[in-house]
Amino acid sequence: MKLLLIAGHGAGDPGAVGNGFQEATETRKVVAALAQALEGCCDVDTYPTARNAYADYKAGQLTKTAQFAQYDYVLEIHFNAVKASTADGKTKGVECYVTTAEPGTAVEQAMVAAIAAVGLTNRGVKRNNWDVIQQARKAGTSSALLEICFIDDADDMAVYAAKQSDIVEAIAMSIIDGFGLQRSEPEQEETMTGKEIYDKLAEYTETLEVPAWAKEELERAKAAGITDGTSPMQLIPRYQAALMAYRAYELAKGQK
């Protein structure tokens with residue numbers, strides 16, 4: 001499956017603003033996190049985030065940039081707004097739009113339900129031919145515009161700020177389940193215990209040869225009883241090094 005994610009607004013258009021948040025900034029955060037969450041499940045493209053898809057539509061550049069026909073699904077991310085309101089303990093909530101030509105809404109229904117479960121009011125799935133998703137639908141590609149929550153509602157944005165990762169996961173799982181995708185399991189890094197590491201090093205050092213320049217000195221050390229010469233290339237702990245140093249010291253002291 002091939003998916004296109006579009007972050008609403010941008011390129012000089014901040015979108016809706018409220019409660020210290022800017023829509024264009026937040027849509028790009030969500031799209032980036034969503035693309036990462038879907039990695040390995042399907043092929044995910046992101047509409048160029050330096051551009052504004054709606055402005056490109058108005059300029060006649062949208063279909064040239066997006067080439068919708070190559071995708072199986074297009075999801076445009078937005079934040080809603082009506083008018084600024086003070087916190088009243090109630091969220092205005094999440095809603096999703098599809099075009100009037102979209103044959104089914106099962107994925108979108110699951111999406112708004114999953115997001116609502118995080119703590120937002122479910123405003124349902126609605127039909128409207130918003131310009132960007134309509135162009136995708138005209139190209140034969142299923143599309144939807146998701147309004148995550150109301151950026152000018154303090155209660156909505158409190159939920160969003162606290163549970164952004166949960167919201168992204170809800171969107172991702174709705175897509176994964178809705179389209180029958182499989183989430184690939186992360187590869188487990190091979191780990192070794194300290195003993196296993198030591199044994200591997202010991203195995204490796206046994207294959208090494210004593211450098212030519214050290215062979216004569218090694219024989220002298222063996223003859224003097226400083227070392228028995230076993231596994232000369234093996235790593236040794238400090239206590240063994242200390243013992244050999246002490247033997248060499250005692251030997252030198254006795255020769256004075």
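## Exposure and the model

A residue is called buried under 20% relative accessible area, exposed over 50% and partly exposed in between (1.4 Å probe, protein chains only). The structure is a predicted model, in which local features need pLDDT of at least 70 and side-chain atom pairs count only at pLDDT 80 or more, while totals for chains, interfaces and linings use all residues. Residues are numbered from 1 along each chain as its sequence is written, and side-chain values use heavy atoms, with hydrogens and water left out.

## Asp-13 in the β1-β2 loop

Asp-13 sits in the loop between β1 and β2 (17-18); helices (H or I, at least four residues) and strands (E, at least two) are DSSP runs numbered from the N terminus. With a relative accessible area of 29%, Asp-13 is partly exposed.

Not counting residues up to four places away in sequence, Asp-13 touches Ala-24 and Asn-52 (contact: heavy atoms within 4.5 Å). Asn-52 is 39 residues from Asp-13 in sequence, and the two C-alpha atoms are 7.8 Å apart in space. Within the neighbouring sequence, a polar atom of the Asp-13 side chain lies 3.0 Å from the backbone nitrogen of Gly-15.

## Helix α6 and its two partners

Helix α6 (residues 154-178) packs with helix α4 (residues 106-119) at an angle of about 155°, and their axes are 8 Å apart. Axes are lines fitted to C-alpha atoms over the stretch in contact, and angles run from 0 to 180 degrees between N-to-C directions. Under 35 degrees counts as roughly parallel, over 145 as roughly antiparallel, 65 to 115 as roughly perpendicular and the rest as oblique. The helices α4 and α6 are therefore roughly antiparallel to each other. On the α4 side the contact is made by Val-107, Ala-110, Met-111, Ala-114, Ile-115, Val-118 and Gly-119. On the α6 side, the residues that meet them are Val-159, Lys-163, Asp-166, Ile-167, Ala-170, Ile-171, Ser-174, Ile-175 and Gly-178.

Helix α6 is also packed with helix α1 (residues 23-37), their axes coming within 9 Å and crossing at roughly 45°. This pair is therefore oblique. From α1, the residues Glu-26, Lys-29, Val-30, Ala-33, Leu-34 and Ala-37 take part. Their counterparts in α6 are Tyr-160, Gln-164, Val-168, Ile-171 and Ala-172.

Ser-174 belongs to helix α6 and, at 6% relative accessibility, counts as buried. Leaving out residues up to four places away in sequence, Ser-174 touches Val-107, Ala-110, Met-111 and Ala-114. By comparison with a site elsewhere in the chain, the C-alpha atoms of Ser-174 and Gln-70 are separated by 21 Å, and the two residues are 104 apart along the chain.

## Arg-127 at the end of β7

Arg-127 is found in strand β7 (residues 122-127). Its relative accessibility is 41%, so Arg-127 counts as partly exposed. Apart from neighbours within four places in sequence, Arg-127 is in contact with Tyr-97, Val-98, Thr-99, Thr-100, Ala-101, Glu-102, Pro-103 and Thr-105. Thr-105 is 22 residues away in sequence, with a C-alpha to C-alpha distance of 9.7 Å.

Polar atoms of the Arg-127 side chain lie close to two backbone oxygens of that segment: 2.7 Å from the oxygen of Thr-99 and 2.8 Å from the oxygen of Glu-102.

## Helix α5

In helix α5 (residues 131-138), the buried residues are Val-132, Ile-133, Gln-135, Ala-136 and Arg-137. They pack against β1 (2-7), α2 (53-58), α3 (62-66), β5 (73-80), β6 (94-98) and β8 (142-150). Just after α5, Gly-140 has a positive phi of about 90°.

Gln-67 is not a glycine, yet its phi is positive, at about 50°. Its place is the loop between α3 and β5, where a relative accessible area of 48% makes Gln-67 partly exposed.

Ser-231 likewise has a positive phi, near 45°, in a residue other than glycine. Ser-231 is in the loop between α8 (212-223) and α9 (238-254). With a relative accessible area of 29%, Ser-231 is partly exposed.

Technical notes: A polar contact is a pair of N or O atoms within 3.5 Å; within protein, one must be able to donate a hydrogen and the other to accept it, and residues adjacent in sequence count only if both atoms are side-chain atoms.
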